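Here is my note for you, as numbered points. Please keep the structure open while you read.

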Amino acid sequence: MLDRFYIFSPEQLNEVAQNALARQSDTRGVIDDIVRQLKVSHPGRTINTREEWVFNNAGGAMGSMYIIHASITEYLIIFGTALGTEGHTGRHTADDYFHILEGEQWAYEADSLTKEVYPAGSVHHLQRGVVKQYRMPDTCWAMEYARGWIPPMLPFGYADTFFSTLDIQTLWHTSVITGREIIANLLHASLFKQSAYDGVRQALNKGVRHIDTAQIYGNEDSVGQALKDSGVSRSELFIATKYGGGRDVRSEFNDSLRKLQLEYLDLYIVHWPKVVEQSGGLAATWSEFEKLKSEGLVKHIGVSNFDNNDLDELLKTAKEYPEVNQIELGPTCWKKVEHIYKRNAELGIVVEAYGALAALTSPKSDLDNLFSQLGEKYGLSKGAIILLWLKSHKIVAVTTTSKDERFEEYNKVYASTLEEVDGETISKLGKQYLDIVTSMTSDWSLNYLNNAAEQAKSDPPGYIPNQPLRKSRRNNTLEQTHEANKKSLELSAIKHNKAWETAIAPGKAMFTTAFMMYMSGSSIQIFSISIVFMTIWNALKSLTKINTTFKPFQISNAPPGATLTHAELDFTPQKFAFVACQVAALALGLYKADTMGLLPSRPSDWIEFWRSDILTTFTPGSVHPLY
C-alpha cells in the first residue's frame, strides 16, 4: 500500500553508498558524495543539504545523526559514533537498512548464540517487527534508511530524552529538523509537480523537444499533462523515462505510459543496475525491454549508471545492444569515467551525461579559470563551455534550467565548435582536478595521533603560511608593531564575537525551556519536576562560574610587539548579559516551581510554625479552654 509513496529504494541507495565508498578515501568525503548523488538523482525531492548534526539517544545507544530526508513513509539519515555504542534496536513498523560506511556493526537476536558482523560496505537489514541487540564497538558511521510507516517509530527515538538524558535542547532541535523536513516533503510533492509542469511548458516553448524524466522522480503525470497542453505534435517530441523497479517491467511501463498520456515512448531506460533484482535479474529485465521495442511500444531502449562490468554482464544474454547509457559525466569526473565512455563508443552506444554542470559548483581550480578564459574567447558562459566540450565528444547533455537566457545560450552551443586544443586542455585539467580533490580529502585530514606524519605533509593548494615580518630600513620597529597590533585586533574581535554568542546562549535556550514548561502543565510529575530542577540548578551553577565561562576567550599569547589595551580584553558587557540571562532563567524556574506548589510562598505552607496560643472562652460560672 505504501509503495507508491516511496521515492528511494534499498537497491538504489546501496548503489549510491558503494559508489561513494569507491570514489572517496574518508568518511567526510563519502557523506558529501552521497548527498551530491541524491541531489542529482532526486532533483525534485527535498534532500537536506544543511548538514545539521544532533545527538540521538534511543534504546540505550547514543550517537549523532544528520537527517538527509524525512517523510511519513521514509527517513534517510547518517548515523554513527566516533567512540562506540550499543543498545536495543526497537521493534518497528518499518524495514531498516544500515549501509555501513566506516567501522563495524555487530548484532544478534535473542535466540542466537553468535553475533552478526557487518563491516564497511555491507548492509544490515533489520526487518520490520524484528528486534536485536546491536553494538558499534568503535568508530562506526552508517547511512540508515527506514522504509515503512514512520510516525509510530518516533516515541522510541524520544523516550530516552524524557526518562534518561533530559536533554531538552537537543530534543527540540531534533523535533524542529524532523518536523520541517516532513512538512516540506508533504508540501513539496504538490509544488514539485507544478514546477515540473511549468518547466516542461517553458522548455517546449523555447524549442526543446527532448524531455527526460523517470518513474522515481514522481512527476510523470505532470510532464504528461504539460506535453498534452503544449499543442506540440507528438512526432516532434522525443520522450524518455526510466524503469526504477518496484514492480515488474510491464506493469511499471504501462503505468508510466498512462501518466505521460502517450501511446509509445521514444526511449525507455533501466535507471540503475540494481533495480533489475526486482524484475527477475538483468537478463529477464532486458528481455522485457526488447519485447517492448519489438511490439512498437518503445522506439529505443537503454540503460543508466552502467559501468563496463554491468555492460559486459548485460551483453552476455542481450539480443540487442543498449542504444543509450546515461551516466554522471563532466570535466571534473572525466578521469574516472573516460574508460566507460570509450567502451560505450566502441560498442556504438550513445552516452548521455547528467551532472556535467556540477563543475560550476566545485571548489575553484585551474579548470574553473580555464572555463572563464574560454568563455571570453567563444562569447559563452562557463556552463555553455562545458556543454560545448560534451558536444565535441558526441555526448548528449541532460540538464535543467528555468531561465530564458540559458535556453537561448544553450541554442548557441549547437552553432559553435570547440577547437580541438581547447577540448584537450579541458580533459587534461579535468583529470588533474580529481587528483587534487582526492589528495585534499586524504592528505590534509587531521590526524592527532601521528604528529610527525602531519608535519611531513606539504601545504594544500592556496595555503599561505605565516610570513615573517617585513624588514624596513626605516622605522622597522614601528612597522613590526603595526603588523602585530593588526593581528591582535583581528583575534580580539573574534574572541569578543564568540564571547557574545556564549553570553546570549542561555537567553535563546530559555524560550525552548519555557515552552516545555508550559507543555508539561502544573501537575506534579517526574517530567515537569525534572525540567524545573534542571533550569534552576543550571542557572545557579552558571552564576558561580562566570569567570570560568569566559576564561577561554582571554588572549594569553598576543603576537610579539603588540600593545593591547584593557578595553580589548574586557568582557564585562558580555558577563553582564550572561548574568542577566541566567537570572531570567532562574526566575523562570522559580516561577514555575511556585505555580506547581513546590515553593513555600503561601501562608498555609507555614502553618506548622505559627504561635500556638491557647484560646480561652469565659462563661458565667466556668472557664473552658478552647482548642
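1. Start with Lys-342. It is partly exposed, at 45% relative accessibility (buried means under 20% relative accessible area, exposed over 50%, partly exposed in between, with a 1.4 Å probe and protein chains only). Its salt-bridge partner is Glu-338, with the closest N and O atoms 3.4 Å apart (a salt bridge is a side-chain nitrogen of Lys or Arg within 4 Å of a carboxyl oxygen of Asp or Glu). Glu-338 counts as buried, at 16%. Helices (H or I, at least four residues) and strands (E, at least two) are DSSP runs, numbered from the N terminus.

2. A word on the source. This is a predicted model, where local features need pLDDT of at least 70 and side-chain atom pairs count only at pLDDT 80 or more, while totals for chains, interfaces and linings use all residues. Residues are numbered from 1 along each chain as its sequence is written, and side-chain values use heavy atoms, leaving out hydrogens and water.

3. Now helix H6 (residues 249-260). Asp-255 and Lys-259 both lie there, 4 residues apart, about one turn. Their side chains meet in a salt bridge of 3.5 Å, N to O. Asp-255 is buried at 18%, whereas Lys-259 is partly exposed at 30%.

4. Helix H2 (residues 27-41) holds Asp-32 and Arg-28, again 4 residues apart. They form a salt bridge, with the closest N and O atoms 3.0 Å apart. Asp-32 is partly exposed at 40%. Arg-28 is partly exposed at 38%.

5. How many salt bridges does a search of the whole structure find? It finds 27. A network of them links Arg-23, Asp-33, Arg-36 and Glu-328.

6. Turn to strand E3 (residues 74-81). Is it mostly covered or uncovered? Mostly covered: 8 of its 8 residues are buried. Glu-74, Leu-76, Ile-78 and Gly-80 lie on one side, and Tyr-75, Ile-77, Phe-79 and Thr-81 on the other.

7. E3 pairs with strand E10 (residues 140-148) in the antiparallel sense, over 8 bridges (two strands pair if DSSP finds at least two bridges between them). Leu-76 has Tyr-145 as its bridge partner in E10. Strand E2 (residues 61-70) also runs antiparallel to E3, joined by 6 bridges. Here His-69 has Leu-76 as its partner. A hairpin of 3 residues joins E2 to E3.

8. Finally, an open sheet has 4 strands in the order E4-E9-E6-E7, with antiparallel pairing. E4 (85-88) and E7 (116-118) stand at the edges with a single partner strand each, so one side of each has no neighbour in the sheet.
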